[in-house]
Amino acid sequence: MVRQAVRAALFILVTLLAGSGALAQPARHVALTLVAESDRPAAGGAVALAFRAVPQPGWHGYWRNPGDAGVPTRVTWTLPAGARVGELDYPVPSRLLIAGLMNYVYEKPWALLTTLRVPAGTASGTRLPLVAKLDYLVCTAEICVPETQTLTLDLTVGDGAIDPARRATFDGWRRALPRPLSTPATWQRAGDRFRLAVPLPADAPASGAWFYPAGGGAIDYAAPQTVTRDGDTLTVETKAAAQPSTGEIAGVLATGGGGGLSLTARPGTVAAPRGGEGMLATALVAFAGAVLGGLLLNVMPCVFPILSLKALGLARSGESAAHARREALAYTAGVLLVCVGLGAGLLALRAAGSSAGWAFQLQDPRVIGALLLLVTAIALNLAGLFELPTPQFAAKSGTAGAFVTGALAAFVATPCTGPFMGAALGAALVLPVGAALGVFAGLGLGIALPFLLIGFVPALRARLPRPGAWMTRLRRILSLPMWLTALALAWVLGRQAGVDGMTLGLAATLFAAVGLWWTGLRQHAGRGAAWWPAGVALLVALGGVALVRPAASGAAAVAGLPGAEPFSEARLAALRAEGRPVFAYFTADWCLTCKVNEKAAIETATTAAAFKQGKVAVLVGDWTDGDPVLGRFIEAHNRAGVPLYLWYKPGAAAPRVLPQVLTSGMLTALPAER
């Protein structure tokens with residue numbers, strides 16, 4: 001970097017000396033014009049100003065950060081009393097490499113924009129003389145010349161009217177400015193490499209993308225940049241600067257066709273781009289985390305009864321080892337099909353520009369209603385009200401029943417995330433498609449692993465208790481967690497669709513239950529075609545559930561800790577600017593882990609007292625309906641869904657991501673970290 005700085009200094013010095021004779025020449029290598037959008041701005045209002053620059057062929061000017069060599073434009077204003085102008089806004093630059101030095105330049109006509117604010121109370125007809133002295137550098141590939149121009153413009157206070165042709169001209173110049181990116185980007189230094197992850201919808205153009213830092217200390221300007229895209233995340237990797245920055249980095253991401261995005265990047269973790277050892281390591285760690293997370297899902301109340309009865313079904317007398325293996329493989333195939341299918345659907349949605357996350361299907365109340373019907377049917381089946389050939393959750397299901405049971409277990413498990421799954425599924429969103437689907441398959445493998453081991457390890461199967469009357473009693477007992485799951489789903493449906501939607505869902509559930517009860521009566525009486533009442537009732541119930549619609553969204557109600565507020569990035573920034581510690585958590589009504597953490601750790605008297613004493617601000621992000629703004633913020637912290645818990649320590653550049661399983665002691669200790 002020192003070598004480049006010396007080369008840049010020598011380059012400028014030599015070219016300035018070579019071009020010193022040009023200083024006496026009246027000709028300018030860049031023609032500058034000062035233009036106002038309105039010649040009669042209103043008192044107390046604002047008017048856009050533009051410096052229109054037209055370079056001679058072969059000459060170029062410089063961006064606000066000129067790169068390895070060059071000087072940005074400096075403006076000195078002489079204004080009427082009380083008038084103010086803002087900073088210059090630069091259009092997206094281009095690159096020019098000369099003798100190994102990277103220059104951020106303009107080789108075609110460009111315009112620098114700013115805003116003049118007219119003093120309030122200025123009488124109509126008052127003259128507003130403006131004087132702007134510009135000092136700038138213009139260069140060719142061989143020579144640089146410093147130039148100075150003084151431009152004047154007389155405006156008159158009036159009604160603020162804008163000529164349509166003038167407005168169209170200014171609108172064209174504004175389109176050349178980079179658009180602000182509302183969601184922060186993330187940057188990371190990994191060895192001598194600089195990585196930048198930018199949230200950008202997959203359908204947004206980014207051909208020939210290039211990152212221009214607004215200042216030094218981020219990247220080696222002349223180094224090549226590698227750009228990759230995964231869904232709605234664009235990753236830039238290049239050589240890092242010799243003396244790197246440690247805080248936020250501002251800059252512009254050129255997206256092709258002259259467009260660009262102005263962004264601010266926070267320090268964080270950025271997955272390695274496609275390919276390489278870093279990508280392989282990320283994929284392996286994510287796969288292991290997904291397997292562990294899937295394994296833990298088996299203890300959830302909606303999965304445990306299904307797994308238990310399938311395992312006990314293998315204990316029936318006369319069952320061969322070959323049959324046990326077939327059932328285990330069929331169960332695993334069902335689980336994998338659903339997990340990989342949901343993962344593929346998630347990746348497809350994100351590739352289409354959506355900010356969907358894991359369990360995206362649960363953000364639709366009609367899916368919640370269908371799950372309510374399904375879980376209620378399972379609970380009635382476990383309670384012994386009826387028997388159906390497929391699926392049966394005890395004894396005589398065979399490979400077809402095992403496959404359906406595995407698929408069902410995986411589907412109803414999606415509202416729950418374990419302590420290993422959040423980071424794993426978040427990593428899957430930045431991995432190549434093949435590796436990402438491998439992570440989702442790892443989740444399925446974790447869910448299926450207990451039953452797979454029972455099917456293939458005779459010693460484990462031998463330890464299962466022998467069949468008997470106790471299995472019927474256990475089956476009735478295991479219906480209770482399913483009833484609790486159905487109750488929770490009804491509550492979620494009410495939160496998403498309101499009282500009317502919940503009533504419609506419960507009515508559909510009652511109608512389905514009557515059909516299943518009728519089927520049970522016919523089965524007990526030994527009548528043929530006993531299942532048709534249940535089939536008709538379930539079809540009608542599904543039709544009713546399809547009519548459920550989300551309730552009209554209103555102001556988000558925040559319960560829980562006293563003083564908690566709805567999350568917004570603006571409110572977070574304001575609280576951090578005040579120097580306050582902030583605990584931000586992101587939840588959803590359909591997320592079981594979220595609700596357990598809230599009742600057991602967050603919404604407790606000890607946590608409230610500790611946060612009050614430490615003056616901790618609490619922000620709550622409700623992702624029940626899949627808010628895309630929250631979705632992008634969650635993704636920026638390497639998570640594919642909720643729960644997400646962030647602790648913002650005063651003065652820290654980035655938040656600390658807390659575990660997905662919380663304790664009250666863990667939270668009460670946070671304020672003491674100050």
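Predicted model: local features only at pLDDT ≥ 70, side-chain atom pairs only at ≥ 80, totals over all residues.
**Reading the terms in this model**

Q: What joins the side chains of Glu-327 and His-323?
A: A polar contact of 2.9 Å joins them. The term covers a pair of N or O atoms within 3.5 Å; within protein, one must be able to donate a hydrogen and the other to accept it, and residues adjacent in sequence count only if both atoms are side-chain atoms. Residues are numbered from 1 along each chain as its sequence is written, and side-chain values use heavy atoms, with hydrogens and water left out.

Q: Why is Glu-327 called buried?
A: Its relative accessibility is 1%. Buried means under 20% relative accessible area, exposed over 50%, and partly exposed in between (1.4 Å probe, protein chains only). Glu-327 is under the 20% limit, so it counts as buried. It lies in helix H5, residues 321-351. Helices (H or I, at least four residues) and strands (E, at least two) are DSSP runs, numbered from the N terminus.

Q: What makes Cys-139 and Cys-144 a disulfide?
A: Their sulfur atoms are 2.0 Å apart. A disulfide is a pair of cysteine sulfur atoms within 2.5 Å, so this pair qualifies. The structure holds one disulfide.

Q: Why is the disulfide of Cys-139 and Cys-144 given its handedness?
A: The torsion about its S-S bond is about 110°, so the disulfide is right-handed. Cys-139 is buried at 1% relative accessibility. Cys-144 is buried too, at 0%.

Q: What makes Arg-74 and Asp-135 a salt bridge?
A: Their side chains meet at 3.4 Å, N to O. A salt bridge is a side-chain nitrogen of Lys or Arg within 4 Å of a carboxyl oxygen of Asp or Glu. The 3.4 Å of Arg-74 and Asp-135 is within 4 Å, so the name holds. Arg-74 lies in strand E4 (residues 74-78) and Asp-135 in strand E9 (residues 127-139), so the pair ties together parts 61 residues apart in sequence. Asp-135 is buried, with a relative accessible area of 14%.

Q: How many salt bridges does a search of the whole structure find?
A: The search finds 13. Among them is Lys-595 with Glu-598, whose closest N and O atoms are 3.2 Å apart. Both lie in helix H14 (residues 592-602), three residues apart, about one turn of the helix. Glu-598 is buried at 5%.

Q: Which labels do Lys-599 and Glu-603 get, exposed or partly exposed?
A: Lys-599 has a relative accessible area of 63%, so it is exposed. Glu-603 has 25%, so it is partly exposed. Their side chains meet in a salt bridge (3.1 Å, N to O).

Q: What makes strands E2 and E8 a pair?
A: Strand E2 (residues 46-55) and strand E8 (residues 110-117) share eight bridges in the antiparallel sense. Two strands pair if DSSP finds at least two bridges between them, so E2 and E8 meet the rule. Ala-46 stands opposite Arg-117 in E8. An open sheet of four strands has the order E1-E2-E8-E5, with antiparallel pairing. Its edge strands are E1 (30-36) and E5 (84-85), as each pairs on one side only.

Q: Why is strand E21 described as largely enclosed?
A: Five of the six residues of E21 (residues 617-622) are buried, so the rest of the structure largely encloses it. Six bridges join strand E20 (residues 582-587) to E21, and they run parallel. Phe-586 stands opposite Gly-621 in E21. Strand E19 (residues 565-566) also pairs with E21 in the parallel sense, over two bridges.

Q: Which strands stand at the edges of the five-stranded sheet?
A: The open sheet has the order E19-E21-E20-E22-E23, with mixed pairing. E19 and strand E23 (656-657) each have a single partner strand, so one side of each is left without a neighbour in the sheet.

Q: Why does Trp-518 count as partly exposed?
A: Its relative accessibility is 41%, so it counts as partly exposed. Trp-518 is in helix H11.
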